[in-house]
Amino acid sequence: MSEHFYQSHVFVCQNERPDGHPRGCCQAKGATRLRNYMKVRVKELGLPATRINTAGCLDRCELGPVMVIYPQGTWYRYESQDDIEEILQTHLIEGKIVERLQLQPDQ
């Protein structure tokens, strides 16, 4: 491991709003199930310098579920285990952006 305890922090929104809220919420779109999957896969892939963190509202509710990865500050929207696999492989292992899932600042 490097001189820093973690090299990547993945903040995964787990916010839950009441049913019918106009903005929706990441929780209702499967965020917890997919975060749990990501945690298991990070261990299986042997990425000890990556920390999967639960986050409160990241304020992009309509686009959710969403995550942000630091230190790069890259935002992603994801919907499936396949999306999670692509983010893990491309962003965290290869160090490249998954452009099809990346959120832009104006979104």
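Here is a short chat about some residues in this predicted model.

Reader: Before we start, what should I know about the model?
Author: It's a predicted model, where local features need pLDDT of at least 70, side-chain atom pairs count only at pLDDT 80 or more, and totals for chains, interfaces and linings use all residues. Residues are numbered from 1 along each chain as its sequence is written, and side-chain values use heavy atoms, with hydrogens and water left out.

Reader: Why is T50 called buried?
Author: Buried means under 20% relative accessible area, exposed over 50%, and partly exposed in between (1.4 Å probe, protein chains only). T50 comes in at 11%, so T50 counts as buried.

Reader: What does T50 touch?
Author: Leaving out residues up to four places away in sequence, T50 touches Y6, S8, V10, V42 and L92. Contact here means heavy atoms within 4.5 Å.

Reader: What makes a nonpolar core?
Author: It's a set of buried Ala, Val, Leu, Ile, Met, Phe, Trp, Tyr and Cys residues joined through side-chain atoms within 4.5 Å. The largest one here has 25 residues, and V10, M38, M67, Y78 and I87 have the most contacts inside it. Strand 1 (8-13), helix 1 (31-44), strand 2, strand 3 and helix 2 (81-93) each give two or more residues to this core.

Reader: How do you know what counts as a helix or a strand?
Author: Both are DSSP runs, numbered from the N terminus: helices are H or I, at least four residues, and strands are E, at least two.

Reader: Which bond joins G64 and P65?
Author: A cis peptide bond, with omega about 0°. Most peptide bonds are trans.
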